Amino acid sequence: MGQARTSRQAVHRSAVIDIGSNSVRIVVYEGPARAPAVIFNEKVAAGLGRGLSTDGRIAAEDAERGLVALRRYALLARHMEVKDLQCVATAAVRDAANGPAFIAAAAEAGLNIRLLSGEEEAEAAGYGVLSAIPDARGIAVDLGGGSLELAEVADGKVGRRASFPLGVLRLPALRKDGEAGFERAIRKMLKAADWPREGLTGLPLYLVGGSWRALSRLDLELTKDPLAVLDQHTFPRTAIRRLIRATRRLTFEQLRAIPGMASNRAAALPDAAALLAALVNILDVPEMTVSSSGLREGLLYQALDAETRAQDPLIVAAEFEGRRLARFAPHGRAIADWIAPLFADEAQADSRVRLAASLLSDVAWSANPDFRAERGTEIGLHGNWRSIDIPGRILLARALYAGFGGADADFPAMGALVNEERLARARQWGLAIRLAQRLTGGVEAPL
């Protein structure tokens with residue numbers, strides 16, 4: 001019991017309170033600094049940005065709703081023993097005439113609110129993308145309720161960045177003159193800020209924000225993707241046409257019925273699709289990739305030292321999860337080294353996934369024996385992994401499926417998303433890992 005208490009007390013928790021134009025949210029993280037896991041996530045649809053178009057102020061009832069949420073979040077953070085708490089406000093508070101009064105009222109709850117400029121917001125979103133996709137090269141596009149941020153990302157750094165008054169709450173008024181007029185207005189705004197700059201067209205977009213994720217949910221629904229994972233879901237510019245058609249054809253009730261679709265996001269889908277179509281045309285975008293990591297994760301990433309930033313988030317997270325669920329002292333790296341000679345000719349990207357599978361080689365032991373393979377598959381496919389694309393998730397799942405007894409069973413249909421040779425290789429990883437675990441009894445010394 002004493003050891004359990006000591007372990008619990010040693011856990012480091014951080015949190016970010018994000019005061020946006022649509023919602024006020026708290027996210028609490030626990031685990032390794034480079035790849036923390038979300039252990040609590042709550043938002044209140046305060047709608048602080050709703051009244052700005054009327055009189056430039058946060059409406060009294062919206063402000064009170066937001067302040068009630070902030071008082072609750074401050075209380076929760078204290079009782080959850082959060083060590084590092086960041087509280088930031090963005091476009092609505094930034095633009096409102098009574099924004100300073102709102103910040104002062106929040107301070108009475110013990111919250112020190114940092115008011116982000118548009119460029120700071122864009123920078124944090126850019127680093128959020130890089131925290132999860134270190135090799136990202138393109139433009140991070142963060143769509144919120146009050147503003148749209150653009151940030152160039154490449155070589156692990158955020159370059160030029162800008163903020164525009166193009167949040168989803170502002171888009172309906174801009175679209176009143178028709179789609180051609182809407183695109184002209186956006187083109188004019190971007191051109192005034194020198195976007196796109198010469199030589200920087202044709203770059204992919206990394207989509208950040210709830211409205212983009214909702215649009216991606218619609219795309220997954222339309223394409224009947226067998227693995228409906230939003231993070232790093234990629235779709236080409238040609239998909240924009242079907243998304244716009246769908247937002248015109250489907251009723252609000254039909255959009256709202258899509259799994260995981262919130263009512264406020266469903267209502268904003270036509271505007272979000274129109275904005276994305278305009279951006280794709282103006283910036284000559286070939287494809288878009290969804291990033292589930294954005295401003296909040298970017299703030300955490302910015303606080304890290306250079307050595308921690310350089311860590312591989314997939315490997316860090318897999319090692320942490322493997323240690324948490326292992327029967328004995330975890331030894332996934334020893335297993336990875338032991339089986340490595342069998343796979344000396346494989347690509348570095350696949351070797352990295354093989355290492356992750358080795359680190360997770362004991363995570364399903366506590367499941368019902370008849371369902372350990374399925375448990376391994378679920379962890380591989382749906383784990384809260386960063387820096388892994390959809391094919392990578394499938395390879396990880398295939399290895400764990402084989403490693404926990406599913407080598408000779410049919411693998412789920414999403415296996416068709418990866419070529420047969422790579423999928424067969426992942427099965428071999430699982431068999432080799434299973435052999436190592438059987439020979440060692442789950443401990444390292446026999447290796």
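Reader: Which residues have the most contacts inside the largest nonpolar core?
Author: Leu190, Trp212 and Leu276 do. That core has 47 residues. Keep in mind that this is a predicted model.

Reader: Which helix gives the most to this core?
Author: Helix α12, residues 263–283. It supplies 14 residues.

Reader: What is Leu276 in contact with, leaving aside neighbours within four places in sequence?
Author: Its contacts are Leu205, Leu207, Trp212, Leu215, Phe235, Ile240 and Met288.

Reader: What other core lies apart from that one?
Author: A core of 44 residues. Ala35, Leu325, Val353 and Val363 are among them.

Reader: Where do nonpolar side chains tend to go in general?
Author: In soluble globular proteins, they tend to be buried together.

Reader: Back to this protein. How much of it is buried?
Author: Buried residues make up 53% of the 447.

Reader: How many helices and strands are there?
Author: The protein has 20 helices and eleven strands.

Reader: What does the radius of gyration say?
Author: The protein has 23 Å. A compact globule with 447 residues would be near 22 Å, so the value agrees with that.

Reader: And what box do the C-alpha atoms fill?
Author: Roughly 70 × 55 × 40 Å, taken along the principal axes.

Reader: How many contacts join residues at least 24 apart?
Author: 71%, among contacts between residues at least 6 apart in sequence.

Reader: How many charged side chains, positive and negative?
Author: There are 56 positive and 53 negative ones. The centres of the two sets lie 3 Å apart.

Reader: Which ones are buried?
Author: In α13 they are Leu295, Arg296, Glu297, Gly298, Leu299, Leu300 and Tyr301.

Reader: Where is Lys43?
Author: Lys43 sits in strand β3, residues 37–44. Its relative accessibility is 35%, so Lys43 counts as partly exposed.

Reader: What does Lys43 touch?
Author: Ser23, Val24, Arg25, Tyr73 and Arg265, not counting residues up to four places away in sequence.

Reader: And how far is Lys43 from Ala69 in space?
Author: 8.2 Å, C-alpha to C-alpha. Along the sequence, Lys43 and Ala69 are 26 residues apart.

Reader: What about Arg427? Which helix is it in?
Author: Arg427 lies in helix α20, residues 420–440. It is partly exposed, with a relative accessible area of 27%. Not counting residues up to four places away in sequence, Arg427 touches Arg398, Ala402, Ala407 and Asp408.

Reader: How far is Arg427 from Ser21?
Author: Their C-alpha atoms are separated by 47 Å. Along the chain, Arg427 and Ser21 are 406 residues apart.

Reader: On to the backbone. Is the peptide bond from Trp195 to Pro196 cis or trans?
Author: Cis, with omega near -5°. Pro196 is in the loop between α8 (179–192) and β9 (205–208).

Reader: What is phi of Asp194?
Author: About 65°, a positive value although Asp194 is not a glycine. Asp194 lies in the loop between α8 and β9. At 41% relative accessibility, it counts as partly exposed.

Reader: And phi of Asp284?
Author: Near 55°, positive in a residue other than glycine. Asp284 is in the loop between α12 and β11 (287–290). Its relative accessibility is 40%, so Asp284 counts as partly exposed.

Note on methods:
Residues are numbered from 1 along each chain as its sequence is written. This is a predicted model: local features need pLDDT of at least 70, side-chain atom pairs count only at pLDDT 80 or more; totals for chains, interfaces and linings use all residues. Side-chain values use heavy atoms; hydrogens and water are left out. Helices (H or I, at least four residues) and strands (E, at least two) are DSSP runs, numbered from the N terminus. The radius of gyration is taken over C-alpha atoms; the globule rule is 2.2 Å times the number of residues to the power 0.38. Buried means under 20% relative accessible area, exposed over 50%, partly exposed in between (1.4 Å probe, protein chains only). Contact means heavy atoms within 4.5 Å. Lys and Arg count as positive and Asp and Glu as negative; His and the chain ends are not counted. The place of a charge is taken as NZ of Lys, CZ of Arg, CG of Asp or CD of Glu. A nonpolar core is a set of buried Ala, Val, Leu, Ile, Met, Phe, Trp, Tyr and Cys residues joined through side-chain atoms within 4.5 Å.
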